[in-house]
Amino acid sequence: MRPTEIYENLQRDVIGQEETLRFVSVAIFKHLEGERYGNLMLIGNSGTGKTTVMRAMERLFHEHEEFSKYRVVIIMNANTFATDEGVVDTSRLYAVLEERARKILGDDADPEQIRLYMEHATVCLDEIDKVSGMVGGKPYVTGINIQQALLTQVEGERVAHAITFYKGTTPERKTVTIHTEKMLFICAGAFEALYDQVFQ
């Protein structure tokens with residue numbers, strides 16, 4: 001599919017976001033071609049269609065068999081990467097990706113199939129604007145750590161992840177390497193103060 005065809009397909013679900021869909025279509029095209037740096041930042045208040053765009057992408061991948069390895073599409077709140085103790089834990093991302101891949105592939109999937117689907121996922125990091133490095137005018141260490149951890153994933157990293165698979169009814173674990181540069185990351189947030197900052 002060319003970007004124009006992707007754009008026309010997404011328009012079936014998304015109304016009144018033509019400019020956004022042009023950028024998203026090019027990002028999807030780059031993702032399908034295996035190019036890096038197609039990642040996007042979606043800025044808009046609640047109700048502007050960020051989740052609708054993600055669901056349209058998910059439908060696109062599911063309707064076309066040649067896109068099967070791209071069918072893992074997840075939306076995660078960026079703040080969920082911090083534990084109650086304030087420790088940043090990106091393994092939550094891979095647990096969700098693995099769970100989604102297994103749901104698509106079924107319990108008979110082998111570790112290599114699961115890894116392939118995880119590695120070509122589309123990850124939407126929602127509420128990205130709420131991950132602040134400053135709270136009350138003081139540095140917020142947990143927020144800074146989340147930002148740095150997520151930036152590392154988005155820029156491309158090789159992550160060791162233990163995948164659970166089944167031999168008959170017996171669960172086993174195998175550690176594989178996930179290349180995050182093959183993923184498409186879409187960061188989304190309202191950035192409500194952005195207008196005032198630009199205006200000033």
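1. Is Glu 99 buried or exposed? In this predicted model, Glu 99 has a relative accessible area of 57% and is therefore counted as exposed, since that label applies over 50%. The residue has its place in helix α4, and its C-alpha atom is separated by 9.4 Å from that of Met 118, which lies 19 residues apart from Glu 99 along the chain.

2. When its neighbours within four places in sequence are left aside, the residues in contact with Ser 25 are Pro 3, Ile 6, Tyr 7 and Leu 10.

3. Helix α2 also packs against another helix. Residues 18-33 form α2 and residues 50-63 form α3, and the two pack at an angle of about 40°, their axes being 12 Å apart. That angle makes α2 oblique to α3, and the crossing in which α2 passes α3 is right-handed.

4. Which residues of α2 and α3 meet? From α2 come Leu 21, Val 24, Ile 28, His 31 and Leu 32, while α3 brings Val 53, Met 57, Leu 60 and Phe 61. By class, the residues of this contact comprise eight that are nonpolar and one that is polar, with no charged residue among them.

5. The largest nonpolar core holds 29 residues, and those touching the most other members are Leu 93, Tyr 94, Leu 97, Met 118, Val 123 and Leu 125. At least two residues of this core are supplied by each of the helices α4 (91-105), α5 (111-119) and α6 (141-155), and likewise by each of the strands β2 (73-77), β3 (122-126), β6 (158-167), β7 (170-179) and β8 (184-189). The element that gives the most is α4, with four residues. As general background, nonpolar side chains tend to be buried together in soluble globular proteins.

6. Tyr 94, one of the core residues that touch the most other members, deserves a separate look. Setting aside its neighbours within four places in sequence, Tyr 94 is in contact with Met 118, Gln 153, Val 159, His 161, Ile 178, Thr 180 and Met 183. There is also a second, separate core, made up of 25 residues, which includes Val 14, Ala 27, Leu 60 and Cys 124.

How values were computed: Residues numbered from 1 in each chain as written. Predicted model: local features only at pLDDT ≥ 70, side-chain atom pairs only at ≥ 80, totals over all residues. Heavy atoms only, no water. Axes fitted to C-alpha atoms, helices over the stretch in contact; angles between N-to-C directions. Parallel < 35°, antiparallel > 145°, perpendicular 65-115°, else oblique. Left-handed = near helix turned anticlockwise from the far one by under 90°. Contact = heavy atoms within 4.5 Å. Nonpolar A, V, L, I, M, F, W, Y, C, P; charged D, E, K, R; others polar. Core = buried A, V, L, I, M, F, W, Y, C linked by side-chain atoms within 4.5 Å. Buried < 20%, exposed > 50% of the residue type's maximum accessible area, 1.4 Å probe, protein only.
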